[in-house]
Amino acid sequence: MEKASRLFDCIAVQAKKPKADLLNAKMDGFWKSFSTSEVHNMIYQLAGALLDMGISGGDGSTEGRDKIGMISNGRPEWLIIDLAVQLTGAVLVPLYPNTNAKEIEQILNETEAKYVFVSSKDLCDKVNAIHRNIPSLKTIFTFERFEGCSHWTELLKPITEDDKQKITKISDGITEDDVATIIYTSGTTGRPKGVVLTHKNILSNVIESSNVLTQIPLKEKRALSFLPLNHIFEKMCSYIYLYNGFSIYYAESMDTIGVNLKEVKPYLFTAVPRLLEKVFEKILIEGQKLTGIRRKIFMWSIKIADQFEIGKKDIWYKVRLKIADKLVYSKWRNAIGGNVKAIILGSSACPVRLEKIFTAADIVILEGYGLTETSPVIAVNHYPQNGRKFGTVGALLHGVQVKIAGDGEILCKGPNVMLGYYKNPELTAEVMQDGWFHTGDIGELDKDNFLKITDRKKEIFKTSGGKYVAPLPIENKMKENYFIEQMMVVGSEKKFAAALIVPSYTHLRPWCAKNDVPFSSNEQVIHDKRVVALYQSIVDSYNPEFNHVEQVKKITLLCDEWSIDSGELTPTGKMKRKIITEKYMAEIEKMYADEVSNSPNLVG
């Protein structure tokens, strides 16, 4: 890779090895490819138009630079807008498409955004409804054509030599220490915070994280993208793809990922653990449909995968693994396109069992760790066997320093750490002390410098007896059981730990059929005493692995799965514990109403 110091330097890098399918998207039922020259031309055309509209880098300070908002799912236009804005010296402020109107208004006012690009009519209508409350906002541009809104291509015009010189003069003055973007966190615990990231912050992560990709045996450089591009994880990975000559294909939606994987046949993609859980759930559903010897072989292959260990030297196990691969795992790979060699995971903890199963099937899981504030990668597992360990988030990224504070908190220092929170020096001072960023996560480093996350500092609670409980390890361990879809441990200021559990109805339904338990609805089935006993036995089987205060004494089964749309999960799949606690306060209190009884409670 050529030397680069700003994110938009990828334009020059890409021009050296042009591709016919640099960026790709499904349009009107067919894949449309945008070549390197087409993409670069649109970037410069838009940059020229933005300069003509008065957009600039101002006095060079974070506050002085113009801000441009973008609310969109992943698509080629996203990167084109991002790069064009960078060339002008302005700052992109991307938001999640499902951000509520109140937060959109707050963010656009705080950043004084002058223009906003949106991907759909619904989003255009949402911003239009609050337009009058945002004095700085001039115009909304859309990626889809419909009456009443300006289409973004209306800005494009033939680029002249004078235009190029003007853009070059401005971009040449931009340094690695200048701000590239302000990314607002999803707000799991309160008001979203604007994380200010420079070109150097993100680019240092791109360059060092590229080593992960170069170690993967790829016949072709082709990736599928479907995570939100305004999340720093997917944005940073997009620049890895650009710098390393990948073609990027954007999935139509989260609902079409399976179909798009088969069409695109990518060699790798990024994901969150929740998606991996859903993929494996579908695999199990298909396996449960089998009968006779085929079903027995399928279930045997799952047991073989469960026993997988990196670098395992057992020859007889390797023979069985090859047989399982030929009979079963190869079909799993074909179901996701047939070429996938690795899946890079981030955002939240992945159950070790899931890592083992996919890696056994030669779909290597590379889990990493980081935050928006660290651009994002702090540590990541690498493809070679000596570069990954189950149960860890990998070795520290080169150039990134980590130390563990006295209370177990992970502190980070390096070129990837943010400038601070936008217009919030008090909060910045809370997390940045003596050059070290306080992550809020609890963890430990092993002798090989592999990092293990044990909990979230703010999520650890104290029982009424003064004992501390870390819920994350308990939840992650118990969720390894197929029958538990989601789980949240509670018990702050209570005498014992309890849990809200969302059953995996996909697995519960066939169990009910096998055990003659009626299943007319989710609400009905969780009230059946045999189902209650099943989940109590699952929890009881795991409890001995934890000390007395951490053991889950009572459970409540819930009807509905937590989701982004219903508000219990962040856009990247993390639990909003405060929201879930408030929503199910009556059910939680019921578990503690009679602290003598150990009978599970139920809620429809």
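These legends describe close-up views of a predicted model.

Local features here need pLDDT of at least 70, and side-chain atom pairs count only at pLDDT 80 or more, while totals for chains, interfaces and linings use all residues. Residues are numbered from 1 along each chain as its sequence is written, and side-chain values use heavy atoms, with hydrogens and water left out.

**View 1. Helix α3 is largely enclosed by the rest of the structure.** Helices (H or I, at least four residues) and strands (E, at least two) are DSSP runs, numbered from the N terminus. Helix α3 covers residues 76–88, 13 residues in total. From first C-alpha to last, α3 reaches 19 Å, close to the 18 Å expected at 1.5 Å a residue. That expected span is 1.5 Å times one less than the number of residues. In α3, 13 of the 13 residues are buried. Buried means under 20% relative accessible area, exposed over 50%, partly exposed in between (1.4 Å probe, protein chains only). Just after α3 comes Gly89, with a positive phi of about 90 degrees.

**View 2. Helices α7 and α8 cross at roughly 65 degrees.** α7 spans residues 199–214 and α8 spans residues 232–243. Their axes come within 9 Å. Axes are lines fitted to C-alpha atoms, for helices over the stretch in contact, and angles run from 0 to 180 degrees between N-to-C directions. The angle makes α7 roughly perpendicular to α8. Angles under 35 degrees count as roughly parallel, over 145 as roughly antiparallel, 65 to 115 as roughly perpendicular and the rest as oblique. Residues in contact (heavy atoms within 4.5 Å) include Ile202 and Leu213 of α7, and Met236 and Tyr239 of α8.

**View 3. Helices α16 and α18 are oblique to each other.** α16 (residues 505–514) packs on α18 (residues 529–542) at about 125 degrees. Their axes lie 12 Å apart. Leu508, Trp511 and Cys512 of α16 meet Arg530, Val531, Leu534 and Tyr535 of α18.

**View 4. A cis peptide bond runs from Ser375 to Pro376.** Its omega is near -5 degrees. Pro376 sits in the loop between β14 (364–370) and β15 (377–380).

**View 5. Glu112 and Asn449 take positive phi values.** Glu112 has phi near 55 degrees. Its loop joins α4 (101–111) and β5 (115–118). Glu112 is partly exposed, at 49% relative accessible area. Asn449 has phi near 70 degrees, in the loop between β21 (436–445) and β22 (451–456). Asn449 is also partly exposed, at 40% relative accessibility.
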